[in-house]
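Colleague: I would like to learn how to read a model of two chains. Where do we start?

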Number of protein chains: 2
Amino acid sequence: MTSRQTTRLADGRELIYFDAAPGIDRTTPDRRTDLPATSTTSQVRWDPLFHTHTVIADHRQTRTYRPPADLCPLCPSRNGMQTEIPAPDYEVAVFENRFPAFSLQAAETVPIVTEAPFRSAPGLGRCEVVCFTSEHTGSFSSLTPRQARTVIDAWADRTQDLGSRPSIAYVFCFENRGEEIGVTLTHPHGQIYGYPFIPPRFFNAAQTSRRYRQRTGDCLQCVLLRAELAEGKRIVATSERWVAYVPFAARWPYEVRIVPLAHVPDLSAVGDAERADLADMYLDVLRRFDGLFDTPTPYIASWQQAPSHDHRDDWHLAAEVLTIRRAPGKLKHLAGSESAAAVWINDVSPETAAARLRGEDSS
Amino acid sequence: MTSRQTTRLADGRELIYFDAAPGIDRTTPDRRTDLPATSTTSQVRWDPLFHTHTVIADHRQTRTYRPPADLCPLCPSRNGMQTEIPAPDYEVAVFENRFPAFSLQAAETVPIVTEAPFRSAPGLGRCEVVCFTSEHTGSFSSLTPRQARTVIDAWADRTQDLGSRPSIAYVFCFENRGEEIGVTLTHPHGQIYGYPFIPPRFFNAAQTSRRYRQRTGDCLQCVLLRAELAEGKRIVATSERWVAYVPFAARWPYEVRIVPLAHVPDLSAVGDAERADLADMYLDVLRRFDGLFDTPTPYIASWQQAPSHDHRDDWHLAAEVLTIRRAPGKLKHLAGSESAAAVWINDVSPETAAARLRGEDSS
């Protein structure tokens, strides 16, 4: 049973320690006296033509950019160096981002604009940093299953906590890994965004899932999972309770969907045995990604969870792991077709990708 | 009046020369005897969960990747070196891509799959390369207005020609510039994709434009243009017939929409005087982008045209120019929020971007 202890940083931001066992003292105070209060200028602006929100967050231009290892803000505070985590050690730590794209305080500082055709609202929400381990080097895939399980419990906790707030419409847990993805801190960590709206990709999926259920009485994700298992050639790995496969219409050179056999809306609804099984499966998939090339694979791993307040019965949880590397030394860039027209062109067939991830074909 | 001459390459692909004046001999034959026939494996696969098409094009993995300058396939054929363009010189040349993501021949080689929930179709369509100049170095912004005008005429010609084919639903003219965008050939060139479906971004805009017109009787793009002109602070440049502005909800650090005052659906409907004016305006905007940083700005420039067969009355033409560079040496990467959730977070406010593009603020 993962233990949870909450404290506050010197500027008032929340910090939560997650430990595999209770009874560890995590009360070390944040001794920084010169920490300026965080503030946000975030606005959510509406584009009426393309029917989408954009977040304008110009205070983020000055965020921490590739600090040297001895100034890593995600390491524990040791030897007089005060970091974002006051304790001298930790297992998993989650804290509010100092340069947030969304903040529940934004309403106090950011005006509302409603002069047609222009509409914007304060960037309400929450951005959290999830430190997967106190070890500065390494990666998620080098965690033990027990460590991975503590991260899963932290994600589930944050999903439930943030999702219970009325202004947060969607809780998005994700990890960006690798300089090629734009990661500026190498310490193994992920992020959680509590969006004030349902992101367009998940809004689409919620709509299609609802329509599918209304039409057929069935869950589309369940149907896809059964079809992939029957066809077999895009399956990457299976366990008692989870299946990892490359989707039929994968957008990225290597893309894997990790889906529970049980129809559950989000991580907070995943039971104890399923979480233990997931820890093994998730590590297995990340290690397969790292085995693709001679150098660590840049990836984005994220959880497609049900929206916090809507569509919860229709939704079926999944993780998506993708890399932008299409071959050694070559990246899939998002150029005109993807960035300007939103049409993905994938140079690696999903069947080939699955075979390589299964280790069958190293050509 | 731009002159147009059509020929065929050794493997049967179409090549079209566009010249500012008629009477230039462009009949030099393609002397390559060892050119293998192009073939495509492109499939358009449907993702029923996210309600979108993905193009699987695994034959493209072997495409030409950063050749040395003396092997540039886009230079004219000279000194015994046979390139994609047989003539010893040219002004603007357009030819079918040798590694196409879409091909009108795909129906002959690619099967149709319709086993629910899996659906895929051959990648019908057309991919063309547009060489802006025979000069290997330089960029679009270093063209003369007359050269730029010939490119505009070529785009208009291709829009009309490709758009008249029943299997092409959308003609997309674009330029990717810079290694950071993934460009593998440095010779100044752009591309044209004739998609067999309307790209999701433009499908959205077509739907919102139609609904807006049904509700108000007005054109949303016209309304946005008037509002931007009235507000003024996001205007970058104006001419007699065109306006360049940073959209209120811009997704990219620097993003400009170039819109004609006249309500026209696509480039083929733009009149002679508007085209001359556009050549100046387009060059002006590209030069402003190149003035942002000390090194050439990586950009994507694209034309948002009406779908070929639908929504033509609702649509109002625009160009979009964007860069992924957010500061000297720093790129806007598409990480978890953008790539996995489709939520763009922009660190540069549109008002700041417009001021910098106007040259008002060099900080």
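Modeller: Start with one pair. A:Arg45 forms a salt bridge with B:Glu351, and their closest N and O atoms are 3.1 Å apart. A salt bridge here is a side-chain nitrogen of Lys or Arg within 4 Å of a carboxyl oxygen of Asp or Glu. Two ground rules. This is a predicted model, in which local features need pLDDT of at least 70, side-chain atom pairs count only at pLDDT 80 or more, and totals for chains, interfaces and linings use all residues. Residues are numbered from 1 along each chain as its sequence is written, chains are lettered from A and ligands numbered from 1 in the order in which they are written, and side-chain values use heavy atoms, with hydrogens and water left out.

Colleague: How many salt bridges are there between chain A and chain B?

Modeller: The count between chain A and chain B is 4. Polar contacts are a separate rule: a pair of N or O atoms within 3.5 Å; within protein, one must be able to donate a hydrogen and the other to accept it, and residues adjacent in sequence count only if both atoms are side-chain atoms. By that rule, 23 residue pairs are in polar contact across the interface, both residues at pLDDT 80 or more.

Colleague: Which helix of chain A gives the most to the side that touches chain B?

Modeller: Helices (H or I, at least four residues) and strands (E, at least two) are DSSP runs, numbered from the N terminus. Helix 3 (residues 200–216) of chain A gives the most, with 8 residues. The side of chain A that touches chain B divides into 41 nonpolar, 19 polar and 20 charged residues. Ala, Val, Leu, Ile, Met, Phe, Trp, Tyr, Cys and Pro count as nonpolar, Asp, Glu, Lys and Arg as charged, and the others, Gly among them, as polar.

Colleague: What area is buried between chain A and chain B?

Modeller: Buried area is the accessible area (1.4 Å probe) that two parts lose on being put together, summed over both. Here it is about 6900 Å², and carbon and sulfur atoms give 62% of that. The contact (heavy atoms within 4.5 Å) takes 80 residues from chain A and 80 residues from chain B.

Colleague: Which strands pair across the two chains?

Modeller: Strands pair if DSSP finds at least two bridges between them. Strand 4 (residues 52–56) of chain A runs parallel to strand 18 (residues 344–346) of chain B, joined by 3 bridges. A:Val55 stands opposite B:Ile345 there.

Colleague: Which peptide bond in chain A is cis?

Modeller: The one from A:Ala116 to A:Pro117, with omega near 5°. A:Pro117 sits in the loop between strand 6 (113–115) and strand 7 (118–122) of chain A.
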